[in-house]
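User: I would like to go through this model term by term. Please set each value against its definition.

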Amino acid sequence: MASYDPQFEDRLNQEYDLRGRTRMAAFLSLALFTVFIGLDAVYTPQYFLTFLFLRLGVMAAVGVILLLLKRAKTSQGVMNLALVLALIDAAGIAVMIYILGGFLTSYYQGLNIIVMGMIVLIPLAFRYTITLYVSIWFMYTIPSVIHYLVGQKAVVVDGVEIAVWRFVINNLTFLTSIIVVGAIGSSYMESIRRRELRSRLQLEETTGQLKESNEKLKSLDELKTQFFANVNHELRTPLTLMLAPLKSLLEGRMGKLSPMLKDTLETMQRNGYKLLKLINNLLDLNKLEEGRMRLKVRSVNLVEFVPPLLASVKPLADQKQIRLYFQHPPHAVELTIDPDQFEKVIFNLLSNALKFTSRGGKITTYIEDKDHTVTTTVEDTGIGIPAHMLERIFDRFSQVDGSKSRAQEGTGIGLALAREIVLVHKGTIRAESELGKGSRFVVEMHKGEEHFDEDVLERRTEDLPIGLKRRTTDTEEPRVQDIVTDYRRLQLVDLEKVDIEGGQVDEAKVHDALILCVDDNPEVLKLMKMLLADEFDLELVTSAEQGLAFLRAKNPDLVLCDVMMPGMDGHAFSRAVKGDDALKHIPIILVTARTGAEMLAEGMKAGADDYISKPFDSTELKARIRSQLRMRQMESELALMNKNLRMRTSDLVEQQRSLFLSTVKSLASAIDAKDEYTRHHSTRVTDFSMKIAAKMGFSEKEIGDLELAALLHDVGKIAVPESILNKPGKLTKEEFEVIKEHPVRGEAILSPVIELKEISRVVRAHHERYDGTGYPDRLKGREIPLGARIMTIADTYDSITSERPYRKAASHRYAMKEIIACSGTQFDPEVVEHFLEIAGTFVPDQEPEHGA
Ligand code: ADP
């Protein structure tokens, strides 16, 4: 069960009118207690007076409850009163039952009435019901049982004697059953009441939310309407004021224009028209959707109405080599329409057909005169529309190719507007198409004018030829069309192709940097040329594919590239350039109309070096280009410096190494020279060690290291006084201790040179013995660096075979014997084995004659 919520309980009692129902139950009990006075008179005349007082007493108590009921503040209080009411009623009846002989009287039916009545009349909480029922049961049973125990055990009914216990069983069974049924019913009703209230509360909440969102939507809608009204004034008016003088300028009314100026002004005019077309379409669509569009209908002969429209699109069709056909009945086909609006419909269909049909295609317009309708069909041999889009293209902003890189400009508003216009005319418009083969748009309009809703019609006061109308009834601003009369051109402005003639780079290189500009919109390229040509050499191309080809051929210094292009877009282009080792150094600046962090991140991920958003200003554009070029130049200077530096560094290292080697070698010969007996000792030990190492398969570098270690192994002897080194005869113990220090001294001399760390370890260990009895560290077995284990053998061999102050040189054979004898104690047996295999090559030319 959910946790107790006083608010919910209050609401529950309010919803089911606990107070009102209790009051009603009180009145009912007053009425019944009164009515049953009659029963007393008939059934128990002997107690009539007693019962009368009893009844009056109960009724007085009920009266008090009625008074209290008015005052009770909480629903809890009301419920308590309801319980007390039922208990008083039951108590009154219980007393009468007792007087009438307990189980023997049928007055217990009164209790049944209370039990059932409570369920129906008062929405008591379950625990109250239980309290009441249990009380009633005891009120009946206890006095009746007492009565039974002390009273008669049998009665005579119609001459038949019946035992009283039968009444006991009978009455108790009925009362108990009614109570049980009542309790179940009460609990059931209560859960229904709670559930119902809970759903009602939920409903209330949802309704509240709905109301709130509705309010919000309404205010948003008002805002939108307000916004569109503002757009009307704030955008169309200034645009008109720019376009009207531009038109006069271009018509030469303000003097002759240079070709360059004329070209620039035309670009401005064309783009102004594009903007105006978009605003007009949006405003019209808004008007239509809000039901504010009024039709100025009149009868028009379609056979005459269509040709001027076709004539307007002919120049563009010729440009694309698309043929235009018109098929119509031989007679006039009259139709009541708003010609201005209907013209927008047909124009949209024609301009779409032109847009989506490729060179050499065909566009046919049919007029068909049927019984009650007239259909106008525009059919093309263009790219077609997929079946699933046939309905959707009439939705606002819907386009088959909605990608940012679609091939055709457009906003997806034209068909939505056409449909709305047809719908206020009560006509229908539909599309049929076969993908790749072509599309046909069919507009079907009713003849006559009965079908028009009266409130969309605005009766014309005068009829003027189309295109020369003045808006006498409009209270709004003078419409742009009234000022700029060539509004058909406005509709077709998306389709006008601009050539970028003169955009190609002059062959002669004029400026320091060559920039490649890639944009599918020739007008943007023209603008770039205008802004940048005075400072940079430019190449202008209209696709990323052309751009890549140019990059490979000419290696320009920088690329300015549009992001949204048909085919390969700017991001793909960046990826292609940055993924090509030969091109990746060329900086790319992406130019985009879309802004936002996501766009930026995508561009940077594709490898673009910088980003600039449209509309760009020439100062910023140039500044970005210059900064990229400077960075590029600095990078290549830095790369060159780096290369030189690396070359010089490796030269230096080489020099240092050979210098070091020659120093080490002279040091070694200095040691040798110091000790006349061991002259060339180091050189020989080196030679022997290297031979053993080579036999053991050392790498060239390891042999090189061992060479240094062997050359320098006695470098510590520099610190040993000459008198001790060259002492003829036996050394004293102290003198020997001094000699024994030379490995440690050797290490100390070598270790400051980082390169010699490993070598100095070998030097320190060259007097260690395999069995761990050597010096200075008493290293054992493989703890001794391998180089040292090799060197000790070479060292010992050379010591034995060369003359010393205290002894003569011994023979090769003797040395071999000594070394074999000490294998495993002084020497590593494995190295000894290798040594033995090549020892033959150590034998000096003149073998000494004598042994040790
Ligand atoms: P848009 O300004 O994009 O042309 P429209 O509402 O006029 O907007 O057209 C919506 C879309 O319907 C177009 O983008 C195009 O995908 C599709 N469409 C319209 N006319 C044709 C056609 N004749 N052939 C192929 N596709 C068409």
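Analyst: Of the 852 residues of the protein, 43% count as buried. Buried means under 20% relative accessible area, exposed means over 50%, and partly exposed lies in between, with a 1.4 Å probe and protein chains only. This is a predicted model, where local features need pLDDT of at least 70 and side-chain atom pairs count only at pLDDT 80 or more, while totals for chains, interfaces and linings use all residues. Residues are numbered from 1 along each chain as its sequence is written, and side-chain values use heavy atoms, with hydrogens and water left out.

User: What makes Ser 811 buried?

Analyst: Ser 811 has a relative accessible area of 13%. The cut-off is under 20%, so Ser 811 counts as buried. Ser 811 sits in the loop between helix 25 and helix 26 (812-821).

User: Which backbone atom does the side chain of Ser 811 reach?

Analyst: The side chain reaches the backbone nitrogen of Tyr 814, at 3.0 Å. A polar contact is a pair of N or O atoms within 3.5 Å; within protein, one must be able to donate a hydrogen and the other to accept it, and residues adjacent in sequence count only if both atoms are side-chain atoms.

User: Why is Asp 17 called partly exposed?

Analyst: Its relative accessible area is 41%. Asp 17 lies in the loop between helix 1 (6-15) and helix 2 (18-43). Its phi is near 50 degrees, a positive value in a residue other than glycine.

User: What sets Lys 426 apart in phi?

Analyst: Phi of Lys 426 is near 65 degrees, positive in a residue other than glycine. Most residues other than glycine have a negative phi, and most peptide bonds are trans. Lys 426 lies in the loop between helix 11 and strand 8. At 34% relative accessibility, Lys 426 counts as partly exposed.

User: What is the omega of the peptide bond from Tyr 775 to Pro 776?

Analyst: Omega is near 5 degrees, and the bond is cis. Pro 776 belongs to the loop between helix 24 (757-764) and helix 25 (786-801).

User: How many helices and strands does the protein have?

Analyst: There are 27 helices and 14 strands. Both are DSSP runs numbered from the N terminus: helices are H or I with at least four residues, strands are E with at least two.

User: What is the strand order in the open sheet with mixed pairing?

Analyst: The order is 4-6-7-9-8, with 5 strands. Strand 4 (323-327) and strand 8 (428-434) are at the edges; each has a single partner strand, so one side of each is left without a neighbour in the sheet. Neighbouring strands are turned by 15 degrees against each other on average, direction ignored.

User: What makes strand 4 and strand 6 a pair?

Analyst: Two strands pair if DSSP finds at least two bridges between them. Strand 4 and strand 6 (residues 362-369) are joined by 5 bridges, so they qualify. They run parallel. Phe 326 stands opposite Thr 365 in strand 6.

User: Which helix lies across strand 4, strand 6 and strand 7?

Analyst: Helix 9 (residues 302-319) does, running at about 175 degrees to strand 4. Axes are lines fitted to C-alpha atoms, for helices over the stretch in contact, and angles run from 0 to 180 degrees between N-to-C directions. Contact means heavy atoms within 4.5 Å. Helix 11 (residues 414-424) lies across strand 8 and strand 9 (438-446), at about 140 degrees to strand 8.

User: What is the order of the open sheet with parallel pairing?

Analyst: Its 5 strands run 11-10-12-13-14. Strand 11 (537-541) and strand 14 (610-613) are the edge strands, each pairing on one side only. Strand 10 (residues 514-518) and strand 11 pair in the parallel sense over 5 bridges. The bridge partner of Leu 514 in strand 11 is Asp 537.

User: Which residues come nearest to the ligand?

Analyst: Of the 20 residues around it, Asn 352, Lys 355, Asp 380, Gln 399 and Leu 415 come nearest. A residue is near a molecule or strand if one of its heavy atoms lies within 4 Å of it.
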